[in-house]
Structures are given as structure tokens and as C-alpha cells.
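Hello,

Here is the structure we talked about. Please open it alongside this note; my findings follow below.

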Amino acid sequence: MTNQRKAALAAMLLVSTVSMQAQTAGTPAKTTTKKAVKKKAPVESATERELRELREQMLNQQGQINALKQQVADRDAKLATAASDAQAANASAAAATAQAQSVSSSLQQNNEAVTALSSSVTDLKNSNAGLAQTISDTKKDITAAMESPIALHYKGVTITPGGFFALESAYRTRALNADINTPFNATPYQGAGQAHTSELNLSGRPTRPTVLVEGNAGPFKLLGYLEADFQSAGVTSNDNQSNSYTLRQRQAFAQVALNSGLTVTGGQMWSLVTETKKGTDNRTENTPLVIDHQYNVGFSWARQAALRVQQKIGITTIAASLENAQIIYSATNANANFFIGNAGAGGGLYDQLANYSSNVAPDIIVKAAFDPKVGHYEIGGLARFFRDRYYPGQTNTPPTAAGGTNDTKTGGGFFANARFPITHYVDFGVHGLAGTGVGRYGTSTLPDVTVHPNGTLAPIKGYQGLVSIELHPNKKLDLFGYGGGEYAQRTVYVNTLGPAATIGRLVGYAPPTASNAGCNTETLPTSTGNGFAGGAPYNPGTPASCLGATRAIFEGTAGYTYRFYNGPRGRLQYTLQYSYLTRTGWVGVGGAPKATNNMVFTSLRYYLP
């Protein structure tokens with residue numbers, strides 16, 4: 001079959017198909033009820049047969065196409081469902097992934113937590129072991145504190161007892177009839193009977209109880225301190241049987257300290273002249289390590305009633321003090337035209353056997369202390385006021401008290417202290433005080449004033465100095481050495497008042513015209529027994545014709561302290577001291593007298609913890 005013929009048949013078949021579809025889509029054919037008449041099928045031609053076969057092929061192809069469409073539709077539906085399922089699966093996978101990540105993170109956190117918990121458990125075990133030990137130690141400390149408290153607590157204040165118990169001894173080659181305190185300026189010249197006898201005195205009177213009371217009030221702290229010993233002598237006190245000595249007030253003061261560094265202290269205390277270890281703080285006084293309770297010649301100090309104000313500024317402390325005054329007087333050939341004070345009034349609770357000056361003003365002391373990283377340094381000044389009442393008419397004929405007048409002289413001086421380590425085991429110190437009227441602040445108590453012929457007072461120039469070296473080779477042992485001296489200047493005036501016999505006579509302290517001729521000549525006992533102190537046989541001879549006014553006193557000291565025990569139960573220590581003393585008088589008629597003394601002291605003390 002040619003191509004043209006095939007195309008014609010295809011066209012005819014297409015037209016026939018379209019016509020059949022149109023009839024099928026149009027009005028429905030009328031239904032006939034007549035029984036179809038069976039006709040004889042015509043004989044098909046070759047063309048008709050080809051057309052029929054093509055039509056059948058097309059119908060088959062259409063069925064295949066429809067089947068393919070249905071398959072495609074089913075496939076699309078399945079693809080859509082699969083896509084939806086895939087999307088849901090992706091979402092589920094994402095959720096599962098997120099959950100897995102969360103679970104992984106949680107597992108990691110759990111692992112870290114388990115690791116940390118394991119470490120904490122280990123630490124807790126160690127802590128529990130340490131805590132158990134701490135509790136055990138704390139229990140021991142609490143038990144120890146209850147059984148052996150360092151301090152007592154009462155109504156918000158802390159009370160700390162302290163001090164020491166002591167047995168001490170003093171041996172002197174020149175007897176002074178003195179306890180542990182040495183009256184340096186009373187060391188006898190060779191003309192005194194005491195200069196030819198030694199003495200050995202044992203004493204428990206240095207025993208010293210102390211109590212410290214502290215209260216914290218927030219912006220300020222309150223403090224009270226009491227320190228006493230038994231080295232005083234009342235009217236009935238003696239060494240005969242009961243050792244009935246009075247309790248001596250050494251220190252008794254109250255203090256308020258502000259957080260700003262301002263401190264105010266009032267009461268009985270060490271003078272501000274005394275060297276301290278820290279600032280100008282009370283209870284840090286740097287006294288020599290000696291046994292002698294008069295310390296060492298050249299050491300400047302006093303313990304007296306005072307009001308002290310101090311302010312700390314960095315490494316510097318500035319302080320000022322008003323302190324109770326007293327005058328030490330000495331004069332030769334003085335006219336009887338003045339007075340300084342009087343004997344103590346028993347009703348006023350002063351010793352009736354002691355003299356007291358009528359003071360016009362307290363002593364005024366100022367000091368600056370410096371505490372750098374190495375050493376401690378101080379500079380200060382002292383102002384004093386000396387008043388007496390003098391009578392110009394005393395030299396009249398007849399004498400008269402008319403015109404009696406009060407007169408006040410001023411005195412004072414400057415002082416400095418320095419103490420610093422030479423090595424880790426050696427401390428070096430130097431002290432000096434110089435001025436007029438400063439004798440009572442020296443441990444030898446040389447005179448402050450003398451008197452003019454007209455009855456007015458004249459301050460005496462004086463000097464005091466001390467060099468110290470202290471070694472600390474270990475915690476148990478201290479070695480110490482001190483060398484010091486004190487000097488009082490000769491102060492005299494020519495008398496121009498009174499009877500002719502006294503005109504031209506030298507008046508004052510240590511006049512060169514005074515006799516020292518008998519200072520080295522021993523004399524017989526001076527009196528017979530009369531039942532009183534100083535009567536026979538307690539009446540050694542004293543030099544005749546011997547003024548012996550002291551020019552200078554020097555003392556060298558060496559010793560050691562050994563601590564047998566120093567721990568929570570206190571401190572037990574032994575101290576041995578040797579001192580050599582010289583006392584030299586001013587030159588007078590007959591020369592300048594000199595006295596010496598060798599002294600050995602021992603001390604056994606138990607300090608409270």
C-alpha cells in the first residue's frame with residue numbers, strides 16, 4: 001500500500017471516529033423494541049478490511065493510552081503520596097535528628113555532670129576527712145579554751161589577766177640597804193661605813209599582776225589596763241616577819257581608740273619621754289632587759305599620772321602629753337627666803353615623810369615616732385615649769401614676809417631615740433636627752449633646780465644618754481649589754497644678800513668652795529640607839545666635810561636571759577645581770593670624790609600565758 005493510500009485511509013478512519021464520538025456525545029438514539037432482523041453480512045472489500053483493522057488498532061491504542069494515563073495518574077498519585085511520605089519522613093528524621101542531638105547533648109551533659117559529681121564526691125570525701133579532722137581539732141581547741149581560756153568574757157568586754165611571779169636577788173659590794181631598785185645617786189663614797197660592807201637581798205616583791213580589759217564599741221575601742229607590784233613601803237612595812245608591803249600602782253589607765261587612728265589615754269602610765277617599740281602606743285615601752293627595777297643609768301623615763309593624745313598618720317605617730325609635775329631640788333648655802341612646797345598631808349593621802357612641790361602646771365611633752373620597714377625612731381620635746389614663793393624682806397632687819405612673791409621659771413629640753421637591727425640577731429639602740437630642769441626624767445634622779453641668792457629658782461642643765469645592744473641568737477636566749485651616763489651641771493651664784501658673814505658666799509648646786517675633804521675618810525657610827533630607824537646599831541657613819549654633789553654617774557651592764565620553757569602554759573625564764581657603777585662628784589675643797597659599786601642580780605620568773 002502506497003503512502004498516499006495509507007494517508008487516505010487514516011483520514012477516513014479519523015473522520016469516522018470523530019463522527020462516532022459525536023453521535024455518542026449527542027442526543028441518545030431512540031430505543032427500538034422491534035426485534036432486529038438478521039441480515040447477511042456483506043462481503044468486505046480489502047479496503048474496508050484495512051480500515052476496520054486500522055480502526056481496531058486505534059481502539060486498542062486508545063485503550064492502551066487510557067491505561068497508560070491511568071497508570072500515569074496512579075503513579076503521580078503514588079509519587080505525591082511518596083513525596084508527602086518523604087516530606088513527613090524528612091520531618092520525622094529532622095525531629096529524630098534534633099531529638100538525637102538533644103539526647104546526645106543530654107548524654108554529654110549527663111556525662112559531664114557524672115564526672116563533676118564523681119569529682120565532687122571525691123572532694124567531698126576528702127573534705128569530710130579534713131572536716132572530721134577540723135572538727136576534732138576544733139573540739140580540742142574548744143575544750144582547751146574552756147579549760148584554759150586565754151581571756152575571760154564579761155558583759156561584752158574581754159578580760160585578760162597577765163603578769164609574772166618572781167624571786168629575785170640583788171648583791172652589791174657597797175651596801176645601799178635597797179631592794180631590787182638601785183638608788184644610783186646614793187652610792188656611798190669611801191668615807192661612809194656602808195661603802196665597806198656588801199649586801200645580799202632576796203625578794204619576791206617584784207611579782208607583778210596585770211589585767212587588761214577591752215571593749216569594742218564599733219567606731220571606737222575601749223581599753224583599761226592595771227599593773228602593780230609590791231615594791232612600796234608603807235609606815236608599817238618591814239622585812240621582820242610578814243613582809244607587809246603595800247601594793248604599788250605601776251600603771252592604771254583608761255583608753256579610747258578611734259578607727260581614724262586617734263587615741264586618747266588617761267591615768268597612771270609611762271611618760272611619753274620613755275622610748276616605745278611601736279608608735280607612741282602604751283604598753284609597748286622599750287625598757288632595758290635588766291633585772292634592776294631602776295633600769296640602767298642613762299635611761300630616761302617616769303611613770304606618773306598623765307593625759308595623752310596621739311594620732312597615727314601612715315608610718316608616723318604624733319603625740320602630746322600633759323603629765324604630773326614634781327621638782328627635785330638641791331642647793332648649798334641657800335638663804336631661807338623661799339619655799340617650793342611642803343611635806344605630804346596625811347589627810348590628803350600623801351606621805352607625811354615625803355616632800356611635795358606646789359606645782360603651777362603639768363609637764364608638757366610632745367613626740368613624733370616613725371616606724372619605717374626597718375627600725376623605730378623618735379624625736380621629742382619637753383617643757384617644764386618651776387614655781388616657788390620667795391621673800392625679798394627675809395634679809396631685812398628685822399626679817400619680814402612683806403612683799404612675798406610667786407616666781408615661775410621654765411625649763412625643758414629635747415630627746416631622741418633610735419633602735420634598729422644590725423643583723424637578724426642583733427638590735428642596736430641609742431637614746432639621748434638634754435636640757436635644763438630635766439633631771440627627774442633620768443633614772444638617777446639628779447636635781448632639776450637649785451636657787452639664786454634672792455630665793456628664785458634656777459634650772460640645772462643636764463644630759464642623759466644610753467647605748468644598748470641586744471642579741472637574740474635563738475628563741476630561748478637573749479644577751480644584752482648597756483652603757484649609759486647622766487650629768488648635772490654645776491650651777492652657782494655669788495650671794496649679795498643678808499648678813500655680812502654670808503656676803504660673797506657661793507649659793508647653788510655644787511659650789512667649788514664646798515668641802516670634799518672628808519669624802520674618803522670613814523667615820524664612827526653617828527648616833528646611839530633610840531628605838532627608831534637609824535638608831536644604833538643601825539647607824540653607820542657618814543662622811544664628815546663631804547658635800548660630794550654628783551657631777552656624773554655611769555653604768556655598764558651585761559647579762560643574759562634564758563627561757564627554759566615558752567609555750568601555751570606560760571614562760572619560765574632565768575636572768576643574770578652584772579653591772580658596774582661609778583659616781584663622780586664635782587671638784588670642791590679636797591678634790592673630787594668618787595664611788596664605785598659592783599652589782600649582781602638574778603631573777604627567776606614565771607609569766608602567765
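**Aromatic pairs**

There are 15 aromatic pairs in the structure. Take Y562 and F564: their ring centres are 5.3 Å apart and the planes meet at 80°, so this pair is edge-to-face. Keep in mind that the model is predicted.

How exposed are the two partners? Y562 is partly exposed, at a relative accessible area of 32%. F564 is partly exposed too, with 45% relative accessibility.

Elsewhere, one aromatic cluster is made up of W270, Y295, F299 and W301.

**Arginines over rings**

Two places to look at here. R440 lies over the face of Y441, and the distance to the ring centre is 5.1 Å. R571 lies over the face of Y607, at 3.9 Å from the ring centre.

Start with β9, residues 316–323. On one hand, β9 pairs with β8, residues 303–313, through 8 bridges. These two strands run antiparallel. Within this pairing, V309 has A320 of β9 as its bridge partner.

What links β8 and β9? They form a hairpin with 2 residues between the strands. In that hairpin, G314 takes a positive phi near 65°.

β9 also pairs with β13, residues 363–370. Again 8 bridges join the strands, and they run antiparallel. Here E323 stands opposite D363 of β13.

Best wishes

Methods. Residues are numbered from 1 along each chain as its sequence is written. This is a predicted model: local features need pLDDT of at least 70, side-chain atom pairs count only at pLDDT 80 or more; totals for chains, interfaces and linings use all residues. Side-chain values use heavy atoms; hydrogens and water are left out. Rings of Phe, Tyr and Trp (its six-membered ring) pair if their centres lie within 6.5 Å; planes under 30 degrees apart count as stacked, over 60 as edge-to-face and the rest as tilted. Buried means under 20% relative accessible area, exposed over 50%, partly exposed in between (1.4 Å probe, protein chains only). A charge sits over a ring if NZ of Lys or CZ of Arg is within 6 Å of the ring centre and within 35 degrees of the ring normal. Two strands pair if DSSP finds at least two bridges between them. Helices (H or I, at least four residues) and strands (E, at least two) are DSSP runs, numbered from the N terminus.
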